[in-house]
Amino acid sequence: APVVTQPLVTAPPITVPTVTTPAPVAYVTAGANVMVTNASRVDGGAGRLSERLAVVGFTVVTPGNYALGKLDVTKIYYDAANPSARAVADSLKAAFGGGAIEVLELPVPPPVDTGDALGAGVLVAMGNDIADKTLDELQGITPPPTTSPPATSARWLEATGLQLRPA
């Protein structure tokens, strides 16, 4: 019997939309200690931000209060005499989501209410823009939605207090 061959039919390609999520920031943390000063209207915010930075590898010193008033936009200062400080400062700017945050040379004396930056090579003047936000929030990384498992019939019945009776 003769063999009949049919041409192979190919389907058009399917386009799948790509979802872009920001890549995690690779932090430069070595070579300069960080002091967070509160320049926001949020009490205790510098302490909480210091804790968040320590968790991701930054070496932080005791937080303080910014000496030059309140800021809407955070400023990051670095000690120009410390060769590692600028890279740490730039890394902090990325950790805070970039934007309008300025990276500036640290003046003498440092803008801390005590006048002492405790040996920090980088000083963060935390403004209202980043106060009490997580690093993920600042970088635009949203956690996956949390869903609870569906309640089983037995759990629903128990929760509602209803009882099944045989027919």
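Five strands form an open sheet in the order E2-E1-E5-E3-E4, with mixed pairing (two strands pair if DSSP finds at least two bridges between them; strands, of at least two residues, and helices, H or I, of at least four, are DSSP runs numbered from the N terminus). At the edges are E2 (64-65) and E4 (102-105), each pairing on one side only. E3 and E5 pair in the antiparallel sense over four bridges, and tyrosine 78 has valine 122 in E5 as its bridge partner.

The model is predicted: local features need pLDDT of at least 70 and side-chain atom pairs 80 or more, whereas totals for chains, interfaces and linings use all residues. Residues are numbered from 1 along each chain as its sequence is written, and side-chain values use heavy atoms, without hydrogens and water.

| Helix | Strands | Angle |
|---|---|---|
| H1 | E1, E2, E5 | about 155° to E1 |
| H2 | E1, E3, E4, E5 | about 165° to E3 |

The largest nonpolar core has 24 residues (buried Ala, Val, Leu, Ile, Met, Phe, Trp, Tyr and Cys joined through side-chain atoms within 4.5 Å; buried means under 20% relative accessible area, 1.4 Å probe, protein chains only). Its residues with the most contacts inside it include Val34, Leu53 and Phe96. H2 supplies the largest share, five residues. Phenylalanine 96 touches Leu49, Ile76, Val124 and Leu138, among others, not counting residues up to four places away in sequence. A second, separate core of twelve residues includes Met35 and Tyr77.

Methods: Buried < 20%, exposed > 50% of the residue type's maximum accessible area, 1.4 Å probe, protein only. Contact = heavy atoms within 4.5 Å. Axes fitted to C-alpha atoms, helices over the stretch in contact; angles between N-to-C directions.
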